[in-house]
Amino acid sequence: MFMEATPDKHDRDSARGLFASGTQALTGSQQRHLAAIVAHANDAIISHTLEGSILSWNPAAERAYGFTAQEMLGRSLARLIPTQHPNPMASVLAKIRIGQTVEHLETVWQHKNGTPVDVAISVAPIKNENGVIVGAATVAREIALEKRLRSALQQERVFFESAFEALQDIFFAVDLQGRLIRWNDQLRNISGYCDDELSQMWAWNFFTESNIPRVQRAISEALLSGHAHLQAEGMTKAGQPIPFELVGSVLTDPQGQPYAICGIARDITDRKKAEETLRLTQFAIDHCSDAAYWMEPDGHIFYVNDEACRILEYSREELLKMTVYDIDPNFQPDTWTDHWQVITHSRRLRL
């Protein structure tokens, strides 16, 4: 526990002498250079005894905590610790006494006006010319802005992590060689691999053998152009094939150098089934024995089947350039609008 005491002149002189013994190995010019560095530093630099009595107090410390050097020399570091806050200095100085250093310990100090100040302190032992530890040097840096930025970054990280996990599609990231480095739950759920297995896998391990060259080319394309897009058949751990549509983009560092590729993989099984159903439907319509026409609201033809072409004796290319008025004199522009209204309301029109 630190005890606050009012220093007298003898105490201050003894403290300064103790500190000076730790710099005796330096030449006069070196000591002046060191003093200039301390005086002009942006961070508070404080030297003190192994009991916590302050030996030096630089201008940055005055600016940060409001106390002058006269007010702090010979005082205990405990003066800077808010009474309601845990005091870490006892354990810090215990480490200093056995020659250890303390790096970036975050704590709270107190300004002269009572305002708490978030700080990160680094403490190192001071040794005399015989290698004996005679004191310590503490560098204190205000980190209020740093803590706010860290908090904001943490919130952003949580937001993006939550967004990735909420995706119905697979999110992934691979390094420049194609090894998987990040993924969301959907990859695990769809592929059937556990996290330990995924951490050892490469991008092409998720695809059928015939699709592996396409995946490798897509990675090369992304590195050349910045992005890539492909459709390829994947394979689950259980051996189930799944068609995927993938889009990927290159991630670059602040210097513009690529370091990874991230992207989205979407299971397009339902789309493939719908496309196959559409192809079968189109085949059936094209080969049915009745003529079939598709018209737009303005009367233009946008699809006809084979039987319509046979009956009208036009090619499909010719009919797709025509309107309903061109093939049926019963339909005129001034009457087609009425017919269209009937069709859209009743879904059919018989003539």
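Predicted model: local features only at pLDDT ≥ 70, side-chain atom pairs only at ≥ 80, totals over all residues.
The chain comprises 14 helices and 12 strands, and buried residues account for 34% of its 351 residues. Where contacts in the chain between residues at least 6 apart in sequence are considered, 39% of them join residues that are at least 24 apart.

In soluble globular proteins, nonpolar side chains tend to be buried together. In the present model the largest nonpolar core contains 28 residues, of which Trp57, Tyr65, Leu80, Ile96 and Trp109 touch the most other members. Two or more residues are given to this core by each of the strands E1, E2 (54-57), E3, E4 and E5, and likewise by the helices H3 (59-65), H4 (69-72) and H5. Apart from this core lies another, made up of 25 residues, among them Phe172, Tyr193, Phe206 and Ile242.

Helix H5, which spans residues 89-97, has Met89, Val92, Leu93 and Ile96 as buried residues. Because these residues cover an arc of only 90 degrees around the axis, they fall on the same side of H5. The packing partners of the buried residues of H5 are strand E1 (44-48), strand E3 (102-110), strand E4 (116-127) and strand E5 (133-142). For Ile96, one of the buried residues of this helix, the contacts beyond its neighbours within four places in sequence are with Leu50, Thr101, Val123, Ala124, Pro125, Ile133, Gly135 and Ala136. After H5 comes Gly99, for which phi is positive, near 90 degrees.

Five aromatic pairs are present in the structure. In one of them, Trp57 and Tyr65 are arranged in a tilted geometry, with 6.2 Å centre to centre and 55 degrees between the planes; both of these residues are buried. Trp57 and Tyr65 also belong, together with Trp109, to one aromatic cluster, and these three residues are among those that touch the most other members of the largest nonpolar core. A further pair, formed by Tyr193 and Phe206, is edge-to-face, with 6.0 Å centre to centre and 85 degrees between the planes. This pair links distant parts of the chain, given that Tyr193 is located in the loop between helix H7 (185-191) and helix H8 (195-198), whereas Phe206 is located in the loop between H8 and helix H9 (212-225), 13 residues apart. Tyr193 and Phe206 are both buried, and both are included in the core of 25 residues.

A polar contact of 2.8 Å joins the side chain of Asp169 to the side chain of Arg266. With neighbours within four places in sequence left aside, the residues in contact with Asp169 are Asn184, Gln186, Ile264, Ala265 and Arg266.

Among the cysteines, Cys262 has a relative accessibility of 18% and so counts as buried, and Cys309, at 12%, is likewise classed as buried. The count of disulfides in the model is zero.

His104, with phi of about 50 degrees, is situated in strand E3, and because its relative accessibility is 35%, His104 counts as partly exposed. Glu313, for which phi is near 60 degrees, is situated in the loop between helix H11 (306-312) and helix H12 (316-319), and its relative accessibility of 71% means that Glu313 counts as exposed.

Towards the end of this account, Thr337 may be considered, a residue of helix H14 (residues 333-346). At 44% relative accessibility, Thr337 counts as partly exposed. The C-alpha atom of Thr337 is separated by 7.8 Å from that of Pro297, although the two residues are 40 residues apart along the chain.

Terms used:
Residues numbered from 1 in each chain as written. Heavy atoms only, no water. Polar contact = N/O pair within 3.5 Å; in protein donor to acceptor, adjacent residues only side chain to side chain. Contact = heavy atoms within 4.5 Å. Disulfide = S-S within 2.5 Å. Buried < 20%, exposed > 50% of the residue type's maximum accessible area, 1.4 Å probe, protein only. Helix = DSSP H or I, 4+ residues; strand = E, 2+ residues; numbered from the N terminus. Arc of directions from axis to C-beta. Core = buried A, V, L, I, M, F, W, Y, C linked by side-chain atoms within 4.5 Å. Phe/Tyr/Trp six-rings, centres within 6.5 Å; stacked < 30°, edge-to-face > 60°.
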